[in-house]
Amino acid sequence: MRGALIGATALGLCVGLVSPWMGLSAWRATVWTVSTIPVLIALLAQIVMGLRRGEFGLDIVAAFSMIAALVTGEQLAAVVVALMYAGGQFLEAYADRSARREMTALLSRVPLVAMRLHDGRLEEVAVDALAPGDHLLIRQGDPVPTDGTVTDGVAILDESALTGEAMPVRRGAGESVSSGVYNAGDAFTMVASRPAAESTFAGIVRLVEAAQQSKAPMSRLADRFAMAFLLLTAGIAGLAWYVSGDVIRVVAVLVVATPCPLILAVPIAFIAGLSRAARHGILIKGGSAIEGLARIQRLVLDKTGTLTDGRPNVLAIHANGVSDLEVLRLAASLDQASKHVVAGTIVEEARRRGLELSLPAEVVETPGDGIIGRVEGRRVVVGGSGFVSRNTISGISRMSAPPPDAGSLVVVVGLDGEAVGEIVLGDRIRRGMSRLLDDLRRKGVQRIVLATGDRRDIAEATVAGLSFDAVHAELSPDQKTEIVRTERKGGRVMMVGDGINDAPALAAADIGVAMGARGAAAPSEAADVVLLVDRLDRVSVAIDIAKRSRAIAYQSVLLGTGLSLVGMIAAAFGYLAPVQGALLQEVIDVAAITNALRALRGPTPNAPLAAEVSASPFKN
């Protein structure tokens, strides 16, 4: 529609300009009038629809200028304004599409069908028909239609559209996969863990759609500013008429004021920021969240899964009579027979170190205590200290390992009746946390607080050496929310969390940030920002993008409205004819929109990633 209006108006303008050479000078004004009317009708219809929705915009100035130009016999000015207005609308739509490209790319990846294994055969079914327990074949190049677990084969997954990570990731049998990623390797099978409508990607799609429909505070300010700008325009035009008595100056003032870059540049700058954030695996729910991110003064962090990895890690191995690697290999070989989360961690660590595991035999597991079996014909016991003491000849008292830190878990390994080692596990601080906290302070965060439901001794041991201003431990969800409300008295607060118990606090904060990479629905729905990649440093990246987008939006507003005001004053004094004013305003619009699109680009935001070395096993 916009393209047709531009084409018809441009054709009418050209025909009118060449009409004297065709002997049709008398028809020039008529041609220009007829070429203006379709754009004017479309504009009036748009204004009426906006008024019905309770929206009052500066487009009304464009309608006044076209009508005034036609009434005063300035048909050339009218058709130029019509062409420039239609062109500005087209340029705005193009810029909007460019700014939304990264977010739209997420929506375009929504899978529609899946290959389900049923009664020994494959059948193509709609994604909406999938149910938990369905076995699916994911072919090379296919999207994963719902969340689930790999059952056979190795999944090589392209997660770049969701997380911003360029390198494919590997998932083996028993490991979870999220919907919306693509199979970049050979075909594999998986079992669905939830319906597609409740999957991680479906939730992300809903969040993206909500973000695209939102309006930033500055955009709403632009709408409210429309009346003031209209009154200013009318005042300048009326003063020009009163002083000079020249109606052409009035028309010129109206033309220069049409349309104001404020209504074009602000939403484009914010949408560009949303799109750029999506490229880095950060989903920001609309311009209001960008506006809030740029002004954060205080930060409240959850511990487990946010400040820390949120899962057990092997922190240390202490051996007695054998090597550390042999202790790990023996424990991992036996633990292959267990489904316990600690056993899975030990097996994963052994495989990460490239150890060759043996098949266990005669396995007997006591839930919650430990496991006994044979590895390569030798009797191996793995479990807590009491369990291993009861099942070995020589007790663990012979071990000379240092006492574990608060919050850590010790797994003892026995071999042929002797305690031969300990494996220390714990929840580890994320890499680069010290640098990240320092970086956030440089970006204007004045106070950083830890709020956790964990024991105080564990919380204090975890943050030892980090620059926290306060540590609040043993908190219920309600108490976490109260901490956020208390901090808000001193400035704008960002809360970062990942668990269901964090959802109330996320909702209470000025800006809630959810660690959404593991598909936790409640915190993601309550938050204003969702990190689609499991990296806390993306908080710093989000703040960088928000500050840049907000600054560019303000620059565009000041540039556009300032130039428009100068142009209106020049027109009021008779220095600009209506046609010249229309051309000047188009240049101003293009400059404002081009400047707003800078929010799509720029230097790579700073993301502290360097590992830190510390004597504490909680640091990595």
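The legends below describe close-up views of a predicted model.

**Figure 1. Overview of the predicted protein.** The chain of 620 residues is 51% buried by count of residues. Its secondary structure consists of 22 helices and 22 strands. Among contacts with a separation of 6 or more, 68% are between residues 24 or more positions apart.

Figure 2. Leu 136 lies opposite Met 190 of strand 9. Strands of a sheet pair through backbone hydrogen bonds, in either the parallel or the antiparallel sense.

**Figure 3. The hairpin of strand 1 and strand 2.** Strand 1 (residues 113-118) pairs with strand 2 (residues 121-126) through 6 bridges, in the antiparallel sense. Arg 116 has Glu 123 of strand 2 as its bridge partner. The hairpin has 2 residues between the strands, and Asp 119 adopts a positive phi near 55°.

Figure 4. Strand 21 (residues 511-515) and strand 22 (residues 529-531) run parallel, with 3 bridges joining them. In this pair, Val 513 stands opposite Val 529 of strand 22.

**Figure 5. Packing of helix 9 against helix 22.** Two packed helices are described by the angle between their axes and by the distance between those axes. For helix 9 (residues 247-256) and helix 22 (residues 578-596), the angle is about 10° and the axes are 8 Å apart. Angles under 35 degrees count as roughly parallel, and helix 9 and helix 22 are therefore roughly parallel to each other. Helix 9 contributes Ile 248, Val 251, Ala 252, Val 255 and Val 256 to the contact, while helix 22 contributes Pro 578, Gly 581, Ala 582 and Gln 585. Sorted by class, the residues of this contact are 7 nonpolar and 2 polar, with no charged residues.

**Figure 6. Helix 13 and its surroundings.** Helix 13 (residues 324-335) contains 12 residues. The distance from its first C-alpha to its last is 16 Å, close to the 16 Å expected at 1.5 Å a residue. Of the 12 residues, 9 are buried, so helix 13 is largely enclosed by the rest of the structure. The buried residues are Val 327, Leu 328, Arg 329, Leu 330, Ala 331, Ala 332, Ser 333, Leu 334 and Asp 335.

**Figure 7. Asp 438 in helix 16.** Asp 438 belongs to helix 16, which covers residues 433-442. The relative accessibility of Asp 438 is 33%, so this residue counts as partly exposed. Asp 438 and Leu 466 are separated by 28 residues in sequence, and their C-alpha atoms are 9.4 Å apart in space.

Note on methods. Residues are numbered from 1 along each chain as its sequence is written. This is a predicted model: local features need pLDDT of at least 70, side-chain atom pairs count only at pLDDT 80 or more; totals for chains, interfaces and linings use all residues. Side-chain values use heavy atoms; hydrogens and water are left out. Two strands pair if DSSP finds at least two bridges between them. Helices (H or I, at least four residues) and strands (E, at least two) are DSSP runs, numbered from the N terminus. Axes are lines fitted to C-alpha atoms, for helices over the stretch in contact, and angles run from 0 to 180 degrees between N-to-C directions. Angles under 35 degrees count as roughly parallel, over 145 as roughly antiparallel, 65 to 115 as roughly perpendicular and the rest as oblique. Contact means heavy atoms within 4.5 Å. Ala, Val, Leu, Ile, Met, Phe, Trp, Tyr, Cys and Pro count as nonpolar, Asp, Glu, Lys and Arg as charged, and the others, Gly among them, as polar. The expected span of a helix is 1.5 Å times one less than its number of residues. Buried means under 20% relative accessible area, exposed over 50%, partly exposed in between (1.4 Å probe, protein chains only).
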